Amino acid sequence: MKELSQHVYDLLENSVAANASLVELTIRDSIKENIYDFVIKDNGKGMSPEFLARVTDPWTTSRTTRKVGLGLPLIKMNTENAGGGMNIESTEGVGTTLHFWFQHDHIDRAPMGDLAGYLVMLFAQFENIHFIYKHITDNGEYVFDTDEVKEALDGMSMKDYEIMQYLKEMIQENLKEIGFSE
């Protein structure tokens with residue numbers, strides 16, 4: 001994956017596959033602290049200690065459609081190649097918290113890419129899941145809560161193309177206001 005937004009989308013899908021009803025994404029993007037920090041927390045089915053111990057092995061997956069799982073091994077490799085790291089905490093029946101980070105100015109850190117586009121696509125695809133996205137920069141913070149958006153849409157679907165386009169533009173504008181420029 002050439003962009004962080006693609007990694008984020010893939011990792012958020014893991015939460016969906018784990019039957020989460022609440023998924024929280026927090027991104028801390030600090031040039032001052034030279035950190036690009038991501039936390040994905042869900043209330044899904046969680047992982048056993050045995051599965052958690054080998055979850056970054058590409059041959060470990062809970063999927064039945066294929067025998068490899070590359071999302072976590074790839075993000076682990078990419079963080080380590082860009083002055084960062086990764087850790088995962090999980091409890092069966094409670095959920096999982098994935099934390100990964102990069103050195104912000106590292107030459108090998110992938111660009112963010114179309115984060116707003118990928119998030120809106122995911123939110124529309126899984127309207128029944130409550131997503132909370134928080135983005136924190138040196139200049140402020142922005143929060144997008146799908147339950148609040150659904151309430152404001154008053155029964156209209158986020159799958160509607162015009163709504164998706166509007167939400168993407170809204171996220172982009174709010175990110176620009178807090179100084180996100182990538």
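A residue is called buried if its relative accessible area is under 20%, exposed if over 50%, and partly exposed in between (1.4 Å probe, protein chains only). The model in the viewer is predicted, so local features need pLDDT of at least 70 and side-chain atom pairs pLDDT 80 or more, while totals for chains, interfaces and linings use all residues. Residues are numbered from 1 along each chain as its sequence is written, and side-chain values use heavy atoms, without hydrogens and water.

Select Y9 first. At 14% relative accessibility, Y9 is buried. Rings of Phe, Tyr and Trp (its six-membered ring) pair if their centres lie within 6.5 Å; planes under 30 degrees apart are stacked, over 60 edge-to-face, and the rest tilted. The whole structure holds 8 aromatic pairs. One of them is tilted: Y9 and Y118, 5.8 Å centre to centre with 55 degrees between the planes. Y9 belongs to helix α1 (residues 4-17) and Y118 to helix α4 (residues 115-125), so this pair ties together parts 109 residues apart in sequence. Helices here are DSSP runs (H or I, at least four residues), numbered from the N terminus.

Now select Y36, F38, F100 and F102, which ring pairs link into a cluster.

Finally, move to helix α5 (residues 146-153), where T146, V149 and L153 are buried. Seen down the axis, the buried residues of α5 fall within an arc of 60 degrees (taken from the directions from the helix axis to the C-beta atoms), so they line one face of the helix. The face turned away carries the exposed residues E148, E151 and A152.

Conventions: Helix = DSSP H or I, 4+ residues; strand = E, 2+ residues; numbered from the N terminus.
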